[in-house]
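Please look over the structure below before reading on. The paragraphs that follow go through it part by part.

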Amino acid sequence: MKIPEKKFSITTPIYYVNDVPHIGHAYTTIAADVIARYKRLSGYKVFFLTGTDEHGQKVLQAARDLGIEPQEHVDQLHNRFKELWTRLNISNDDFIRTTEKRHQTLVSDILQQLYDRKEIYKDSYEGWYCTPDERFWTEKDLVNGNCPECKRKVEKIQEHNYFFKMGQYQDWLKKHIKSNDKFIQPTSRRNEVLGFLEKPLGDLCISRPKERLPWGIPLPFDEGYVTYVWFDALINYISAHGPLEKIGSTGFWPVNHHLLGKDILTTHAVYWSTMLKAIGFDPALNLFAHGWWTINGHKMSKSVGNTVEPNLLVDQFGVDAIRYFLLREVPFGLDGDFSHKALIGRINSDLANNLGNLLNRTMSMIKRYHDQMIPEPKSLDEDTDLKNEFQMGIEAVEKLYDELAYSKILERIWLLVDATNKYIDTNSPWNLMKSESGKQRLATVMYNTAECIRSISILIYPFMPKSAETIMEQLGIENSIEEQGLESLKTWGGIKSGGEIQPGLQLFPRIADEDAEKILNSIESPNDKDQKPSSHTEIEGICDQVLIDDFMKIDLRTGKIIEAEKIKKSKKLLKLKVDIGAEVRQVVAGIAECYEPDQLINRTIILVSNLKPVKLMGIESQGMLLAANNNGQVVLAGFDPKPSQGIRVR
Ligand code: MSP
């Protein structure tokens with residue numbers, strides 16, 4: 001009889017492409033990746049979905065700010081997410097974009113079905129609208145007259161719109177939450193949703209008039225409207241699976257875990273669950289709302305300039321250290337403050353001292369005492385305490401995965417690292433070496449140590465896939481970790497005697513104190529420097545100090561504009577040719593509202609000459625002009641008298 005395949009599915013939110021990804025986005029995605037990898041190790045066929053949310057006001061606004069078409073903007077920016085996921089070793093099975101045809105078609109089909117079944121109706125509506133959050137609020141929802149979520153200003157709007165009859169599902173939803181303990185986690189968040197449902201649940205406005213918001217999926221039954229971005233975005237979780245009739249038979253629905261930040265729990269618990277109910281699908285099995293990373297106690301935001309750029313962290317500390325730190329430092333579900341100092345601390349203690357040293361000392365002892373070969377143990381029956389400790393540890397880890405208790409899982413694995421280090425110390429191989437009887441015991445001790453490290457590397461694989469594979473290579477094991485699987489941990493002795501180890505470089509080099517100091521001095525967060533916030537961080541608009549070395553990385557050059565022309569369909573952009581001495585650069589500059597092309601010819605400007613080229617309205621821009629924005633009036637930086645072209649500006 002064919003054993004049915006075990007299937008498992010997990011999702012992240014789809015991220016808005018109004019900005020480049022930051023550490024908060026990376027957090028949810030890494031968390032989902034760990035579960036996906038763990039389930040694959042346990043023999044499941046996994047469907048791990050992530051993607052980008054490409055419609056709505058925020059995205060349209062971001063494109064307008066750049067003076068480019070929204071489609072061009074999303075085509076460029078979604079790649080920043082894809083590239084980051086590759087760097088972070090994210091093993092997603094699909095990446096969905098809400099501007100893709102497969103998604104738009106399903107959204108349209110669902111809208112039409114719900115409309116035909118009278119689950120959607122048209123009504124006139126007056127409410128308070130929060131543009132950044134793209135949500136309507138009633139008078140009583142407002143806090144001090146502002147949006148209850150983001151505390152920003154709201155505006156009163158009256159218009160005709162379409163509504164989904166969400167309110168009719170209120171009793172069903174309350175009952176569903178109450179009778180399914182695991183549906184919303186953590187419990188505190190579950191209680192918040194139940195509290196929210198104590199107030200009458202209204203119907204959901206699911207349209208936006210096209211004249212106010214042209215960027216969205218058109219309603220199939222009224223061309224004057226586009227779909228509300230949340231109604232559109234939530235459907236990504238099923239549109240990745242194909243047409244409606246196929247979804248039920250994929251084996252991946254209902255989803256096992258929707259991972260999300262606490263900020264978007266209501267939209268998932270209330271909007272999405274009732275939408276699914278209306279469409280005829282079961283709700284997801286679990287919604288897990290994790291906490292937020294702050295920087296020095298403040299929300300990360302581009303306008304404040306305090307976001308933590310994951311690519312920079314990877315360059316500086318390596319991908320696995322970042323993956324480890326984010327999930328070890330703060331219990332999933334709670335908020336945490338990001339600190340480089342804490343990150344360096346974890347790298348040096350948990351990774352370099354504990355795990356790294358264990359591997360190094362084991363490698364060097366096997367090299368020295370056993371000619372680089374995994375020895376034959378005298379007997380597999382010795383050291384039952386150690387083996388029991390591993391069995392108990394593995395079982396505990398498996399249980400902790402059910403609760404998504406990442407930091408406890410890592411804590412538990414590190415107890416096994418400690419136990420192995422202790423086993424070495426207690427048995428002191430360096431003493432066993434000294435006598436013939438000791439040498440027989442030595443073989444058993446080194447064999448068991450190598451087997452412990454093999455187990456540890458399988459256990460850390462979901463969190464640190466690259467490091468785990470490197471450990472396997474050093475142990476001389478050819479089978480990949482996924483081939484070995486969790487099953488191989490159930491019986492002692494998976495590592496084969498006689499295999500040749502391949503000692504390599506230090507897996508996690510210690511960050512020396514002086515290097516740590518340099519790193520901490522070069523970053524802005526006062527948190528990391530153990531200082532009180534410097535007063536200038538409180539003066540709005542003035543950025544934190546940088547070191548001269550950082551400033552010198554920016555290559556500013558004098559240049560002469562030799563050609564300038566307008567760009568079709570763009571009010572803001574001009575295409576320029578700038579002579580910087582050694583070469584002529586093409587630059588797209590957002591100055592068309594303040595300068596006529598003719599006015600610019602022969603003008604000497606300052607060009608940021610080592611910026612990575614970008615495409616704006618399909619035209620490559622190879623630099624950026626320096627200018628001041630004087631209340632919307634852009635004034636180019638220049639010189640009097642004029643220097644020649646190509647001179648470095650400092
Ligand atoms: N597009 C919507 C989600 C639609 S899902 C159908 C959205 N996008 S978002 O880009 O603004 O943020 C999505 C998620 O990113 C958050 O819910 C959270 O998972 C993660 N984070 C964004 N900033 C974060 C922190 N500062 N800290 C931790 N996670 C955060 O909302």
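In this predicted model, helices α12 and α15 are roughly perpendicular to each other, because angles of 65 to 115 degrees are counted that way, with those under 35 roughly parallel, those over 145 roughly antiparallel and the rest oblique. Helix α12 covers residues 319-329 and helix α15 residues 406-427; their packing angle is about 110°, and their axes are 7 Å apart. Here an axis is a line fitted to C-alpha atoms, for helices over the stretch in contact, and the angle runs from 0 to 180 degrees between N-to-C directions. From α12, the residues Y324, L327 and R328 meet Y406, S407, L410, E411 and W414 of α15, where contact means heavy atoms within 4.5 Å. By type, the residues of this contact are 5 nonpolar, 1 polar and 2 charged. In that division Ala, Val, Leu, Ile, Met, Phe, Trp, Tyr, Cys and Pro are nonpolar, Asp, Glu, Lys and Arg are charged, and the others, Gly among them, are polar.

Residues are numbered from 1 along each chain as its sequence is written. Local features need pLDDT of at least 70 and side-chain atom pairs count only at pLDDT 80 or more, while totals for chains, interfaces and linings use all residues; side-chain values use heavy atoms, with hydrogens and water left out.

Not counting residues up to four places away in sequence, W414 touches Y324, D350, L351, N354, L355, I460 and M464. W414 is among the residues with the most contacts inside the largest nonpolar core, together with F164, I238, F317 and Y406; this core has 164 residues. Helix α13, residues 340-370, gives the most to this core, with 12 residues. A second, separate core of 18 residues includes I591, C594, L600 and V634. Such a core is a set of buried Ala, Val, Leu, Ile, Met, Phe, Trp, Tyr and Cys residues joined through side-chain atoms within 4.5 Å. Buried means under 20% relative accessible area, exposed over 50% and partly exposed in between, with a 1.4 Å probe and protein chains only.

How many disulfides does the chain have? The count comes to 0, with a disulfide taken as a pair of cysteine sulfur atoms within 2.5 Å. C150 is in no disulfide, and the nearest cysteine sulfur, that of C130, is 3.6 Å away. C150 counts as buried because its relative accessibility is 19%. C205 is in no disulfide either, its nearest cysteine sulfur being that of C130 at 14 Å; at 7% relative accessibility, C205 is buried.

Some backbone details lie in loops. The peptide bond from Q185 to P186 is cis, with omega near -10°, and P186 sits in the loop between β7 (184-185) and α6 (187-196). Another cis peptide bond joins W253 and P254, with omega about 0°; P254 is in the loop between α9 (244-247) and β12 (257-261). K569, not a glycine, has a positive phi of about 70°. This residue is in the loop between β17 (556-566) and β18 (574-579), and K569 counts as exposed at 78% relative accessibility.

For the chain as a whole, there are 22 helices and 26 strands, read as DSSP runs numbered from the N terminus (helices H or I, at least four residues; strands E, at least two). Of the 650 residues, 54% are buried.
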